[in-house]
Structures are given as C-alpha cells and as structure tokens.
Amino acid sequence: MADQVADTEAIRRFIAGFYAAFSFREGTQPNWDGLRGLFWHAGQAIEISGGEPKPTTPAEFIAKLRSRIAHGELLGQQEREIESAVRVQGDLAQVFSQFENRANAGAGGSRTVRGVNAFQLIRLQGRWQVLTVCRAEGVGPPPSPPRQIGPAPSPRPPFRPPHRPSGGRR
C-alpha cells in the first residue's frame, strides 16, 4: 500500500510537470526539451474534438505547437490541473486529469477552456513516461477514482438446485 501511495504521488508530480512544460508566458516558449522528455519514444498525443481522433507523434505534437506560436496564433498559455483520478497497476498507470487552459490566441483574443486529458503512463527504468495522452476539450470532470483496487471478485458459482434422490416420494 505504501508503494502505491508513493507511485500515485510521483505520478501527480509527473502530470504537474507535463502542464508546466506545456505552459508559457507571452514572449517566451514552452519547455520543448521538457515536453519531449515526458513521452516514451513511440508515444502518442491524440486530440479528440468531434469526428475522428487525430493521433500525432510527440515530434508532430511539438511541431504543431511551434507552428501556432511562430504564426502568432498562440502567444502564451497557462494550463493547470483542476482534479484527477489516478490508477496504478505495477508499472502501468492511467490518469484522468481535468484541466483548465487560459490562452492568449493573438488576433483571436483570449480564451479559457476546460477539458480532460486521459493519460496512459508506463514506468521504464524507474521513470514514468507518456504512452498516450488523449485530449478532449469542453468535457466534464474525470470519473471518481475506483473504490477497490485489486483483483476483481470471483464470480459466484452457478446455482444448482439441491440433489433429490430418485425413485420415490417423500
């Protein structure tokens, strides 16, 4: 149980680092190396915004963000976690993280949006990394954390009526 508490706290710090690397003030840049270092080399960032999901590699995700900044479409943004649900099973973890993003979108003005990032994480060589992050803007809070962690309860044996001897009445 102590290991699970320590894992959960390490994951919460990891997710806070994700949001910190993604955030930047006007006139500065996001922490590009920090963002790259959060993903497993074959990880994916997937945008869910109606219609088909849009998967990208970490390099494509960063290139898209760089392009928006270079073209003045995004001058700065601060993203923070509002609440989350963390589930850890050994070296795998899943995190539903409700976020708020406040962005200065240049000529598009400022905007504030809330949504959910669904992270799948893997621990490799003692370090958590993003396997996938699915981002959905404009959705509600994450589900409540599970009440019971561990193996699913065993199914009940099928019902069998009591054995009655054959051949006579009682």
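Now the housekeeping. This is a predicted model, so to speak, with local features needing pLDDT of at least 70 and side-chain atom pairs counting only at pLDDT 80 or more, while totals for chains, interfaces and linings use all residues. Residues are numbered from 1 along each chain as its sequence is written, and side-chain values use heavy atoms, with hydrogens and water left out.

We've got an open sheet of six strands, mixed pairing, in the order 2-1-6-5-4-3; two strands count as paired if DSSP finds at least two bridges between them. Strand 2 and strand 3 (76-89) are at the edges with a single partner strand each, so one side of each has no neighbour in the sheet. Direction ignored, neighbouring strands are turned by 20 degrees against each other on average; axes are lines fitted to C-alpha atoms, for helices over the stretch in contact, and angles run from 0 to 180 degrees between N-to-C directions.

Let's follow strand 1, residues 39-48. Strand 1 pairs with strand 6 (residues 127-137) in the parallel sense, over six bridges. A45 has V133 as its bridge partner there, and I48 has A136. With strand 2 (residues 54-56), strand 1 pairs in the antiparallel sense over three bridges, and I46 is partnered by P55. Those two strands form a hairpin with five residues between them, and G50 in the turn has a positive phi of about 70 degrees.

Back to helix 3, residues 58-70. It lies across strand 1, strand 2 and strand 3, at about 55 degrees to strand 1. Which residues of helix 3 are buried? They're P58, F61, I62, L65 and I69, where buried means under 20% relative accessible area, exposed over 50%, and partly exposed in between, with a 1.4 Å probe and protein chains only. These cover an arc of only 95 degrees around the axis, which puts them on the same side of helix 3; the arc is that of the directions from the helix axis to the C-beta atoms. On the other side, A59 and A70 are exposed.

Last stop: G106, in the loop between strand 4 (92-104) and strand 5 (110-124). Leaving aside neighbours within four places in sequence, G106 is in contact (heavy atoms within 4.5 Å) with G72, E73 and L75.

Note on methods: Helices (H or I, at least four residues) and strands (E, at least two) are DSSP runs, numbered from the N terminus.
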